[in-house]
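Student: I would like to learn how to read a structure like this one. Please show it to me first.

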Amino acid sequence: MSNVFIVLQANEETRALVEAIQLDNPHAVVVRQPAMIKIDAPDRLEVRRATIEELLGRSFDLQELHINLVTLAGHVNEDDDTLTLSWNS
Amino acid sequence: MPVTSLKPYVGVSRDRVENYNGQQLVYASWDHHLLFASPFILCLSPQMTFGELVEQRLKPLVQADPDAAAVDWQAVQWLKSNQPFTPAFDRSLADNGIAHKEQIRWRTPGLNSLMSAA
Amino acid sequence: MDMKVAKKKLPLKEKYQYLTRDLGWETTYQQQEKIFPYAEYEGIKIHDWSQWEDPFRLTMDAYWKYQAEKERKFYAIIDAHAQNNGHLHITDARYLSALKIFLQAISPGEFAAHKGFARAGRELPGIGTQVACQMQALDEMRHAQTQIHALSNYNRYYNGFHAFADQRDRIWYTSVARSFFDDAMSAGPFEFMLAIGFSFEYVLTNLLFVPFMSGAAYNGDMATVTFGFSAQSDEARHMTLGLECIKFMLEQDPDNLALVQRWIDKWFWRGFRVLGLVSTMMDYMLPKRVMSWREAWEVYGVENGGALFRDLARYGIRPPQGWDDAEKAIDHMSHQFMLGLYQWSFGTSFHSWIPSDEDMAWLSAKYPTTFDKYYRPRWNHLRKLAEAGTPFMNTGLAKLCQTCQLPSVFTEPDDPTMSCHREGRYLGEIYHFCSDHCQTIFNDEPEKYIQSWLPMPSLFQDPLNGDVGAWMQWVSLLNGKDNGDFVGSEDEANFQLWRGLATKNQ
Amino acid sequence: MQIDLRTVSIEPQRQAFDHLVRRFGNKPASRYQEGSYDIQAAENLHYRPTWDPDQALYDPRITRIVMQDWYALKDPRQFYYSTYTLTRAKQQETTEANFSFVESRGLADMLSDELRDTALKLLVPLRHAAWGANQHNTFICGYGYGVTFTQPCIYQAMDNLGIAQYLSRLGLLLGDTAALAAGKEAWQHDAAWQPLRRYVEDCLVVRDPFELFVAQNVALDGLLYPLVYERIVDDHLSTRGASAVAMLTQFMTEWFGETRKWVDAVLKVAAAESEANREVLTGWSGHWSDRAAAALLPVAALALGDQADEAVAEELAALKTRLAKTGITL
């Protein structure tokens with residue numbers, strides 16, 4: 001088993017994103033570091049548009065993630081609704 | 001292994017001895033004396049004697065080491081290209097077989113102030 | 001057609017397909033081999049470019065939109081930083097050494113990557129790959145520029161930044177980074193992708209950017225945090241491209257495995273060496289430290305790299321050959337570099353210093369098995385010399401590794417008291433290396449590496465002929481201003497003076 | 001620590017980086033200058049390329065154009081990444097608004113079959129030509145010398161890609177995926193498109209970056225954009241009721257108006273550098289613009305029928321007038 005992770009800048013815009021990721025990935029661990037937030041999860045992590053939209057109260061294009069993304073690890077699979085990070089191990 | 005290339009590929013060394021106007025490069029270092037972060041690069045005349053190298057270049061360079069004063073330079077163990085080597089102090093570098101870019105090292109067993117804890 | 005029926009929206013993947021892949025065609029007036037002349041000589045076999053999976057599917061309109069938003073944020077912050085004397089917010093002017101190294105050695109690398117990705121974006125025959133490379137070429141230009149712009153204001157107030165463009169091609173330590181990028185760019189497009197896209201971006205840049213930028217945040221440097229995080233947000237795309245590229249090569253033909261593995265071995269080690277200086281920035285140059293190099297390596301090297309190579313094992317890939325030796329070097333390298341930088345600081349366009357008692361206490365806590373045993377005695381001795389008024393300046397210049405071009409400051413993997421001496425002969429001439437891995441890289445392509453422009457040996461050639469004063473002029477190094485010990489430097493004095501003006505009423 | 005740093009007045013130690021002071025004098029440098037001048041490695045390059053050991057990694061000799069200082073070829077727009085991206089972001093917002101206006105009002109469906117057919121036949125295959133332009137500008141950026149010259153080329157390349165994508169979206173909007181397939185088929189096989197496709201493919205094997213600059217950015221763009229977007233779409237089709245199409249290609253018209261200023265500035269400085277340069281540029285410009293005019297004739301005829309000859313001849317004459325102002329007389 002390996003961790004995938006996503007790191008976002010710590011700011012107002014990412015508050016809802018982090019919350020949404022936590023809701024959709026109960027197995028994920030959120031680590032707050034200076035100026036950034038790292039979210040680790042064993043093997044797989046999903047970022048779901050619908051959850052973010054619900055929390056933000058507006059429509060959200062998953063590609064907006066790029067604005068506040070710091071880094072990530074794992075294979076990326078992106079469609080209109082979900083961005084998935086995974087390792088095959 | 002040859003370089004994989006689209007056309008014949010020939011490199012030219014930038015540090016060929018003919019680029020040094022009759023001088024040559026020699027690298028020198030004192031084993032287990034890492035106050036000096038890296039071996040020294042020296043540009044020397046091949047006619048310089050080994051004794052002159054020690055007196056004029058190496059001794060001043062290593063002064064800062066607490067062991068420097070205690071070295072018996074006639075007794076140190078020398079290596080050239082990582083092999084034991086007995087230099088003739090009164091002969092030239094060329095006569096001592098010290099080629100361009102050769103690395104010489106010396107060892108002073110028992111002298112080890114800054115590494116003593118190690 | 002019923003006018004009221006709205007067109008069905010194409011799903012992202014399909015739409016992206018039409019907006020990129022489908023733009024190409026089978027050429028008939030000119031042959032593929034002439035259009036893509038560099039695609040085959042390296043020996044990588046690609047049978048079907050359509051199998052390429054696009055990692056992120058940004059069309060240009062989305063790219064412009066999101067990148068513009070990043071740019072607006074970035075320049076707002078650095079404008080404010082310049083207007084409000086943001087440079088006085090940093091914890092201490094020592095910190096600036098890390099930024100000076102960054103501007104002199106890393107930013108030019110960003111430009112080189114820009115150029116290299118433009119070439120790869122033209123030479124690789126698959127459209128998906130080309131577009132991703134082109135976008136990266138554009139991003140790398142952004143990184144070079146945002147770094148120069150962020151650090152430009154520091155240049156107005158502090159020494160050591162002013163000649164970064166001259167020093168890129170001339171001063172000794174920048175040659176390490178430049179040779180790395182020159183090496184990748186002189187290779188074919190596939191090796192370039194693996195070198196920069198995979199090894200550098202995927203395996204190593206997290207180590208450079210994430211802890212370093214966190215460190216900048218800790219040390220009050222908003223300008224750097226901003227360019228760092230802003231650049232890193234593009235890196236996420238770049239890393240994904242690098243990973244996709246390697247999977248693609250491995251999936252296309254089993255024969256590619258041997259070559260890919262050799263390149264992974266080579267470029268991991270090249271990258272590990274070139275990013276080695278980051279260890280010194282983290283352990284010594286941040287006045288307020290966020291994590292040690294060892295800790296960063298655990299998170300971004302061991303954990304992340306481990307996950308990556310476990311994943312790639314299904315293709316037959318094993319971790320890079322140098323991995324174990326890298327692990328052995330982690331607890332030593334920052335100290336070995338800093339000891340070197342301190343004693344050669346007359347030749348650096350940044351300052352070094354002897355760590356304080358407090359610094360040393362931190363170092364010994366973070367490196368319990370190595371610092372007190374191997375490195376503290378040397379620092380104590382150097383301090384004694386400095387206090388006696390005879391600070392140590394090592395006028396014996398350094399032996400450089402023919403491959404990585406770093407001074408040979410490294411020790412044997414299993415004996416930290418013994419310098420690592422490696423040498424070999426090629427066509428009668430002797431060449432020296434810092435490690436087994438650098439020697440292997442040389443032996444694989446000697447005709448390439450004998451060409452290395454090594455700054456130390458070249459100092460003894462025409463026209464400088466060993467004249468250090470003339471050399472300083474040639475590298476635009478202002479003696480007594482840019483170089484030497486931080487203690488007693490203009491930077492130190494000015495920072496204290498200006499901070500005093502800002503905090504006191506006299 | 002709470003301090004009000006704005007109250008502190010501190011004298012800067014220097015105005016700008018050394019290399020910029022040498023070029024522009026001792027004064028603060030612009031962000032364009034900082035982000036462009038002398039940031040490419042110039043000396044002590046380490047290794048010969050394995051893809052062509054006869055070249056240096058950055059090599060001004062791979063083109064026939066000779067410049068004493070390649071940084072003389074500056075971009076009058078002074079685009080660096082930020083200004084470039086912000087400019088395009090604003091334009092894409094307008095374009096997006098135009099697309100959604102056309103879509104939401106059903107304007108596409110209000111086009112006559114004939115007009116829609118003409119628009120699709122003319123514009124959709126051009127997405128492939130735009131992709132070719134992307135390849136050429138990426139090449140010039142990759143192998144050209146000096147950042148003031150090569151930096152705008154990556155912007156140009158990405159613009160070419162953006163244009164190819166807007167043309168694809170236009171095809172999808174006016175005719176769905178079938179329109180893209182038909183356009184590609186025409187590009188590959190229809191007689192009308194073969195001279196242009198041949199032009200693009202021939203450019204794909206040109207490896208002199210400056211010649212490619214002339215072939216693509218001077219000759220082909222110099223004829224294609226005024227002919228197709230200004231003359232045919234904005235005038236000919238609009239007056240017949242297809243102003244919706246003009247809304248969808250507004251980006252292209254504006255883009256050409258902007259980029260040609262840069263193209264002219266580059267040509268002018270390169271031609272003024274030496275008689276030899278002027279001669280080479282004149283030769284290339286003549287050769288490629290004649291070929292481009294011939295290649296565009298059957299394309300123009302798709303919309304203009306037998307008026308195409310005259311239209312292309314006028315555009316060629318206009319291009320020659322434009323070139324004359326840069327010092328190149330054809």
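Student: How many residues does the contact take from chain D and from chain C?

Tutor: This is a predicted model, in which local features need pLDDT of at least 70 and side-chain atom pairs count only at pLDDT 80 or more, while totals for chains, interfaces and linings use all residues. Residues are numbered from 1 along each chain as its sequence is written, and chains are lettered from A and ligands numbered from 1 in the order in which they are written. Two residues are in contact if their C-beta atoms, placed from the backbone, lie within 7 Å. Here 72 residues come from chain D and 74 residues from chain C.

Student: Which element gives the largest share of the side of chain D that touches chain C?

Tutor: Helices are DSSP runs (H or I, at least four residues), numbered from the N terminus. On that side of chain D, α7(D) gives the largest share, 16 residues.

Student: Which residues touch the most other members of the largest nonpolar core?

Tutor: Such a core is a set of buried Ala, Val, Leu, Ile, Met, Phe, Trp, Tyr and Cys residues joined through C-beta atoms within 7 Å; buried means that 20 or more other C-beta atoms lie within 10 Å of the residue's own. Among the 314 residues of this one, they are Leu194(C), Ile154(D), Leu223(D), Leu296(D) and Ala300(D). Helix α8 (residues 189-218) of chain C gives the largest share, 20 residues.

Student: What is the mean pLDDT of chain C?

Tutor: pLDDT is the predictor's confidence in each residue, from 0 to 100. For chain C the mean is 94, but pLDDT stays under 50 over residues 1-5 of chain C. Where pLDDT is low, the predicted coordinates should not be read in detail.

Methods: Helix = DSSP H or I, 4+ residues; strand = E, 2+ residues; numbered from the N terminus. Buried ≥ 20, exposed ≤ 12 C-beta atoms within 10 Å, placed from the backbone.
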